[in-house]
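Good morning, colleagues. Please keep the sequence and the structure in view while I speak.

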Amino acid sequence: MNKIELLAPAGSLEKAKIAFLYGADAIYAGTSKLSLRTRAEMGSDDLKDTIEYAHSIGKKAYVAMNIYARDEEYDEIIEQTKILKELKPDAIIIADGGIVDIVKKYAPEIPIHISTQANIVSSHSANFWRKNGASRVILARELHKSHIKSIIDNTPEDFETEIFVHGAICFGYSGRCYLSNYLANRSSNLGDCAQSCRWEYNVYVEENKKPGALMPVEYDEKGTYIFSSKDLCLMNELPEIIDMGVASLKIEGRLKTTYYLATVINAYRHAIDAYYENPENWNAKPYFNELLKTKTRGITTFYFNDKDNQDIQDYSGVQKNIEWEHGAVVINTDEKGITTLEIKNRLQLGDLLEIILPNKIKPHEYIIDNMYDYETNEKIEFVNPGVQGQKVKIRLPIEVEEGYIIRRKR
C-alpha cells in the first residue's frame, strides 16, 4: 500500500513554497476565475511557476476548475484547459460534468479528480465518475467513517479517494451554499463566497394572526452565529483513516496565512510519518497540541465518528486558540549569522518566540534579546509592521533557512 498523500492548499506561489517546505506531498491551487476561491492570489504566471516549482522538487500540483459553469463561461474554460495542457499539472479538480467533458477532449492526458462539490457519498457515485474518466474522488465532508470505508471497498483498488481532515466547514451541503448569493450577490458555487454563514444574525418570528408584526428571538451570548460551524480536525482519527486505505489527506485553506499552513502541515506531516514508523506506539497528543496554536472556531470531528453528532456548531462567533500569532518569516541569514526577518506582528525585546522547524514537531523556543534596525543596523527595542514588508535583523540561537515561520506568544 502506498503511503498516504498529504495535500495542502496554496493560494499563492509563496504559500506553495511554505507548504512544500513543511512537508506537503502535493498542493492544490486554483485558476483566477474558475475555482471556488477567486479571491486567492494565484494568477496565471503564479500558477505556471507553482507547477514548475513543484515538479522541480519532485512534488505534485493539482489545479481546481471546480465551479458549476454556465454556457457563457465555456469559451473561457476551453482556453484555460488548453493552457493547463501546456502547464501539465498532475490533475485537474472538477465538479461539473460539462467541464469533465471539456478536459477529456482538450487535455485527455491530465488526470481528473472529482471535487467535493460533486457531493460523492456512495460507491455508486464514485464508480460513475470513474467510468467517466476520473482517477480520484474527493468525498463529501459529511460522511461517517463507515461510509468512507464502504466506498473504498466497493471501488477498484487503483481508484483513489481523498478526504478533508482539517479546516473550515461550510454550512451548505458539502460546500454547495446559496446563502452568500442571496445576501451578498456573491455566488459560492462560482468561487466568490462572502462567508455569510460566519456573520452575526438577529432572528425574528412572526405570529400567524399578526402578519408583519416581527418579534425578536432572544439569544444569550452563545446564540448569535447560528450558521457557523466549528473547524474540522481529524488528527486523532489519523490511524483509522490510513488503515482504511484513503489515498490523500486534504487540508482546507487557500486563503489562510503562511503561519497557519506551516503549523498545520508540519503537524500532519510528522504525525503521518510517526504512524508509519511505529503504529503501535503512535500518540496524537504532540501533533494535536501544535494544531491548537492556530486560531479556530472550535474543533469538531463532524460526522466521521458519529452520524448524529450535534457538537458541530459554534454559536459564539469568538475565535479560539489566540495565545499565539504569526511573528515573522525568515528571509535570509548573512555570513555573520544575523538573520533578516519579515515581521507580521509587533516584535519587542522579551517576547517569547517559537521557530517552527520542518524537521521537528517540537518548535524551538527563544526569548528575543537582540534586534537591529534593518536599514541602520542600530540596536532597537521593538519593531512594528507599519509598512508592507517591514524587516528587522536579529541573531537567532539556531540555524534557520529562508521561509521558516516564527510564531509569537501574544
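How many of the 20 residues of H9 are buried? Before I answer, please note that this is a predicted model. The count is 18, and H9 is thus described as mostly covered.

Let me stay with this helix. H9 comprises residues 258-277. Its end C-alpha atoms are 28 Å apart, and this agrees with expectation, because 20 residues at 1.5 Å a residue should span 28 Å.

Seven strands form an open sheet with antiparallel pairing, and their order is E17-E16-E21-E13-E14-E20-E18. At the edges are E17, residues 364-367, and E18, residues 372-373; each of these pairs on one side only. In general, the strands of a sheet pair through backbone hydrogen bonds, in either a parallel or an antiparallel manner.

Strand E16, residues 352-356, runs antiparallel to strand E21, residues 405-409, and four bridges join them. Ile355 has Ile406, in E21, as its bridge partner.

Finally, I would draw your attention to a single residue elsewhere. Thr300 belongs to strand E12, which covers residues 299-300. Is Thr300 buried or exposed? Its relative accessible area is 3%, which is under the 20% cut-off, so Thr300 is buried. Leaving aside residues up to four places away in sequence, Thr300 touches Ile169, Lys230, Asp231, Leu232, Cys233, Asn309, Asp311 and Ile312.

Thank you for your attention.

How values were computed. Residues numbered from 1 in each chain as written. Predicted model: local features only at pLDDT ≥ 70, side-chain atom pairs only at ≥ 80, totals over all residues. Heavy atoms only, no water. Pairing = 2+ DSSP bridges. Helix = DSSP H or I, 4+ residues; strand = E, 2+ residues; numbered from the N terminus. Contact = heavy atoms within 4.5 Å. Axes fitted to C-alpha atoms, helices over the stretch in contact; angles between N-to-C directions. Expected span 1.5 Å × (residues − 1). Buried < 20%, exposed > 50% of the residue type's maximum accessible area, 1.4 Å probe, protein only.
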